[in-house]
Amino acid sequence: MDGAQLSQATTGEWTDPKARDVGTTVEEFLTRLGGPTWIVLSGQDPSRTRAVTTLLHGNEPSGVRAIFQWLRSGTRPHVNLACFIGAVDAALAQPGFAYRQLPDCRDLNRCFRMPFEGREGRMAAGVLDTLRTINPEALVDFHNTSGRSPAYGVTTRLGEPQKALTALVSDHLIVTDLRLGTLMEATEDDFPTITAECGGGDARSDQTAMTALRTYGMAESLWDAPHRYAHVKTFHHPIRVSLEAGKRVAYGASLVPEADLTLRKDADQFNFGVLNQGETLGWVRDASPGVVVARDAKGRDRTREMFAVIEGRLVVAQPARIMMMTTNPHIAVSDCLFYCLPVSSSEL
Ligand SMILES: [Zn+2]
């Protein structure tokens with residue numbers, strides 16, 4: 001049995017569920033799914049399909065809440081909607097929507113590349129197989145950010161379709177070359193794909209996802225109204241800022257003694273904002289910015305160009321826009337601290 005067959009054997013499929021079948025809460029809905037599931041809704045125009053994926057991270061609920069609300073409404077989409085709901089077990093683990101992945105599992109959204117090994121690798125291969133069979137007009141992968149943030153889109157391939165998809169959630173689109181094994185990388189040559197980051201998982205993020213899903217599912221065409229996405233602003237190739245291996249990070253109002261780096265506990269308020277040269281991101285124990293490593297998509301070390309230490313404070317060495325900042329220490333260590341981009345004086 002190859003990986004795709006095995007994955008299909010462990011992934012459920014539910015076609016045109018009735019409103020009464022999905023339960024009264026999203027938790028009940030997930031319990032009824034019992035595991036990763038494709039939900040397929042037949043459209044008024046059954047010749048076309050749009051794809052949605054969500055809950056690749058179990059602690060990012062806005063996408064699945066939107067799908068649940070849609071199913072409760074009993075609305076028939078304009079075209080077929082194929083929705084993959086991923087880490088159901090991680091989402092259901094108590095206290096609910098708390099685990100990005102279960103402790104003994106891999107981050108599913110880092111598994112969409114060779115060699116597709118292990119449970120998550122096989123699941124990723126199965127999802128890609130199904131998507132390529134469906135051959136949708138587009139794919140939107142709904143996520144939540146791990147800190148407070150405005151909504152934004154992410155793409156590895158910039159074109160008008162990716163801007164159009166981003167406009168469903170935001171007018172900010174990050175274009176990145178980074179190769180992490182995410183779903184959007186795997187399908188960029190197949191059909192227009194974006195990651196839709198709906199914000200930090202509060203009621204506003206849920207509303208963003210719901211509005212986006214409704215527009216996506218009901219639009220006659222996704223591409224025929226360029227004025228709708230003309231305002232989308234693109235941010236190219238942000239620099240990934242991670243913690244030096246073996247160092248410890250904390251979040252606080254001043255240096256936490258046992259941490260090598262303390263980032264401001266309100267650091268996520270900077271998301272998409274611009275810091276002026278010399279503005280404080282946090283505090284460091286050593287007099288060197290080397291506790292963080294800033295690397296661009298080409299792998300170049302940009303740390304000392306972007307950061308400096310002044311009297312124990314970690315500051316930006318030039319005007320910089322901060323993006324994708326988390327205030328969750330676990331994600332900060334296992335993934336990265338944040339991304340940044342130098343801001344030219346003409347943009348200030
Ligand atoms: Zn995510």
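What arrangement do the 4 donor atoms around the zinc ion make? It is irregular, because the donor atoms subtend angles of 55 to 145°, and a tetrahedral site would need all angles between 85 and 135 degrees. The model is predicted.

**Zinc site**
- His57 (ND1), Glu60 (OE), Glu60 (OE) and His143 (ND1) coordinate the zinc ion, at 2.0 to 2.6 Å.
- The donor residues follow the spacing H-x2-E-x82-H in sequence.
- His57 and His143 link distant parts of the chain, 86 residues apart.
- His57 sits in the loop between strand E3 (45-54) and H3, while His143 belongs to strand E5 (residues 139-143).
- His57 is buried, with a relative accessible area of 4%.
- His143 is buried too, with a relative accessible area of 3%.

**Helix H2**
- Helix H2 spans residues 26-33, and its buried residues are Val26, Phe29, Leu30 and Leu33.

**Arg304**
- Arg304 lies in helix H9 (residues 303-306).
- Arg304 is exposed, because its relative accessible area is 61%, and exposed means over 50%.
- Beyond its neighbours within four places in sequence, Arg304 contacts Ser288, Pro289, Gly290 and Ala317.
- Val293 is 11 residues from Arg304 along the chain, and their C-alpha atoms are 9.0 Å apart.

Methods: Residues are numbered from 1 along each chain as its sequence is written. This is a predicted model: local features need pLDDT of at least 70, side-chain atom pairs count only at pLDDT 80 or more; totals for chains, interfaces and linings use all residues. Side-chain values use heavy atoms; hydrogens and water are left out. Helices (H or I, at least four residues) and strands (E, at least two) are DSSP runs, numbered from the N terminus. Buried means under 20% relative accessible area, exposed over 50%, partly exposed in between (1.4 Å probe, protein chains only). Contact means heavy atoms within 4.5 Å. Donors are N, O and S atoms within 2.8 Å of the metal (3.2 Å for Na, K and Ca); water is not among the atoms, so sites may look incomplete. Four donors count as tetrahedral if all angles lie between 85 and 135 degrees; four count as square planar and six as octahedral if opposite donors are over 155 degrees apart and all others between 65 and 115; anything else is irregular.
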